[in-house]
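Dear colleague,

I am passing a structure on to you, together with an account of what was found in it. Please keep it open beside this message as you read.

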Amino acid sequence: MATSEPSAVAAGQHTVGREVVVEVKALQKYFGRNHVLKGVDLQVHKGEVIVLIGPSGSGKSTFLRCLNFLEDPTTGEISIGGVRVVCGSHGGQFKKDVHQIRMKCGMVFQEFNLFPHKDATENVTEGPMLVKGEKKSDAVEKAHELLTKVGLADRMDFFPSQLSGGQKQRVAIARAMAMDPVLMLFDEPTSALDPELIGEVLKVMKDLAAQGMTMIVVSHEMGFSRDVADRVVYMDDGYFIEQGPPSEVFFHPQDDRTRRFLRHILPEKEPQHAKELGIVEVGQELPDPDAAPLQGPAGAALNEDNLADTAIPEIPLSGGPSGELPLPPGNEEL
Ligand SMILES: Nc1ncnc2c1ncn2[C@@H]1O[C@H](COP(=O)(O)OP(=O)(O)OP(=O)(O)O)[C@@H](O)[C@H]1O
Ligand SMILES: [Mg+2]
């Protein structure tokens, strides 16, 4: 895979490598006549954490699902970990390449999708044994390591029904990691969780990011994005509208649609952050010009100029699970 300079906008906590792990070009997806992805491009470097935000129905899940071919993209090009696929092709080589790409992606869904009749260890060993042909003893050893890493050393033989939502999601993360992915995809991994369980899952994701995992995360956990994302991408109506480090996208959004979305979402998701920006309620015309900037001199607070357009339509956030597969994450070969 060609290398290129690290993204100039990468500003997160991580070392972002020169290697390009993901290259998406002009990706389009139709469901029948519904044009859902309208030509999106994205380049992700090794170790980079991308957070994708946007209103319900804008195509975030479809984008993730196209990346690992859980959905068939209509046209465009996807390269992951050195394997390049021209979407819409057919034939043996195409199928082989798609399989390779699936093997390189771990995916974590909102609804966990664990095997209910297998315990935590078996959930984690299933993929490596069946798909990669790993020996049981090796797979179990790796599963135990991963489950320990996600804080479940004392739950290795528990079944999903005996685990909390946060624990189930951590098993799902361990399971995805067991396939040694070069890229982790997270589709609203905390939105089905009780609020008190969200932190434990975000912490595991933060740890993964700190260890250099390349990640694309659909999430409206703004605190997480602010702390962990190298780049936030705002998606609307099948397009990537704007992107940049969280300090730019959250504090200096350039596009009206991003501004409207943030004014909608911040009071709900990050009341303290919103308050500091002078936004207390959705639609409120109250940006406080004296509000202390959160980012120091480089990042002035949102103000009347950049938030002038505040006639906000109701922008629905996720309305719940968006068609997760009954099959395990990123691996319908199982
Ligand atoms: N399997 C499918 N078949 C037909 N249409 C689909 C399918 N999956 C998604 N869509 C359509 O694609 C559009 C984008 O859906 P998608 O789930 O990607 O949005 P999203 O941004 O993830 O929304 P949310 O925040 O609610 O999860 C919607 O119009 C949806 O109805
Ligand atoms: Mg979705």
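**Helix H3 against helix H4**

In the contact of these two helices, Ala120, Thr121, Val124, Thr125, Pro128 and Met129 of H3 meet Lys136, Ala139, Val140, Lys142, Ala143, His144, Leu146 and Leu147 of H4. Two residues are in contact if their C-beta atoms, placed from the backbone, lie within 7 Å. The residues of this contact of H3 with H4 comprise 9 nonpolar, 3 polar and 2 charged. Here Ala, Val, Leu, Ile, Met, Phe, Trp, Tyr, Cys and Pro count as nonpolar, Asp, Glu, Lys and Arg as charged, and the others, Gly among them, as polar. Helices (H or I, at least four residues) and strands (E, at least two) are DSSP runs, numbered from the N terminus.

H3 covers residues 120–130 and H4 residues 136–149; their axes come within 9 Å and cross at roughly 130°. H3 is therefore oblique to H4. Axes are lines fitted to C-alpha atoms, for helices over the stretch in contact, and angles run from 0 to 180 degrees between N-to-C directions. Angles under 35 degrees count as roughly parallel, over 145 as roughly antiparallel, 65 to 115 as roughly perpendicular and the rest as oblique. The crossing of H3 and H4 is right-handed; a crossing is left-handed if the near helix is turned anticlockwise from the far one by less than a right angle, and right-handed if clockwise.

**Basis of the model**

This is a predicted model, in which local features need pLDDT of at least 70 and side-chain atom pairs count only at pLDDT 80 or more, while totals for chains, interfaces and linings use all residues. Residues are numbered from 1 along each chain as its sequence is written, and chains are lettered from A and ligands numbered from 1 in the order in which they are written.

The chain has a mean pLDDT (the predictor's confidence in each residue, from 0 to 100) of 82, and 76% of its residues reach 70 or more. Over residues 284–316 pLDDT stays under 50, and the model has 57 contacts beyond four places in sequence for them. Residues 318–334 also stay under 50 in pLDDT, with 43 such contacts beyond four places in sequence. Where pLDDT is low, the predicted coordinates should not be read in detail.

**The chain as a whole**

There are 10 helices and 10 strands in the chain. Of its 334 residues, 47% count as buried. A residue is buried if 20 or more other C-beta atoms lie within 10 Å of its own, exposed if 12 or fewer, and partly exposed in between. Among contacts with a separation of 6 or more, 64% join residues 24 or more positions apart.

**Helix H5 and its partners**

The axes of H3 and H5 come within 8 Å and cross at roughly 25°. This makes H3 roughly parallel to H5, and the crossing is right-handed. Ala120, Asn123, Val124 and Gly127 of H3 meet Val171, Ala174 and Arg175 of H5. That contact divides into 4 nonpolar, 2 polar and 1 charged.

Helix H5 (residues 165–177) also packs with H6, at an angle of about 15° and with the axes 8 Å apart. H5 is thus roughly parallel to H6, in a crossing that is right-handed. Gly165, Gly166, Gln169, Arg170 and Ile173 of H5 make this contact with Leu197, Glu200, Val201 and Val204 of H6. By class, the residues are 4 nonpolar, 3 polar and 2 charged.

**Helix H1 and strand E3**

Helix H1 (residues 60–67) is mostly covered, with 8 of its 8 residues buried. Val49 is found in strand E3 (residues 49–53) and counts as buried because 30 other C-beta atoms lie within 10 Å. Val49 and Met184 are 135 residues apart in sequence, yet 9.5 Å apart in space, C-alpha to C-alpha.

**Backbone angles to note**

Most residues other than glycine have a negative phi. Phe112, in the loop between strand E6 (105–108) and H3, has a positive phi of about 65°. With 24 C-beta neighbours inside 10 Å, Phe112 counts as buried. Glu188 has a positive phi of about 45° and lies in the loop between strand E7 (183–187) and helix H6 (195–210). Glu188 counts as buried, with 25 C-beta neighbours inside 10 Å.

With kind regards
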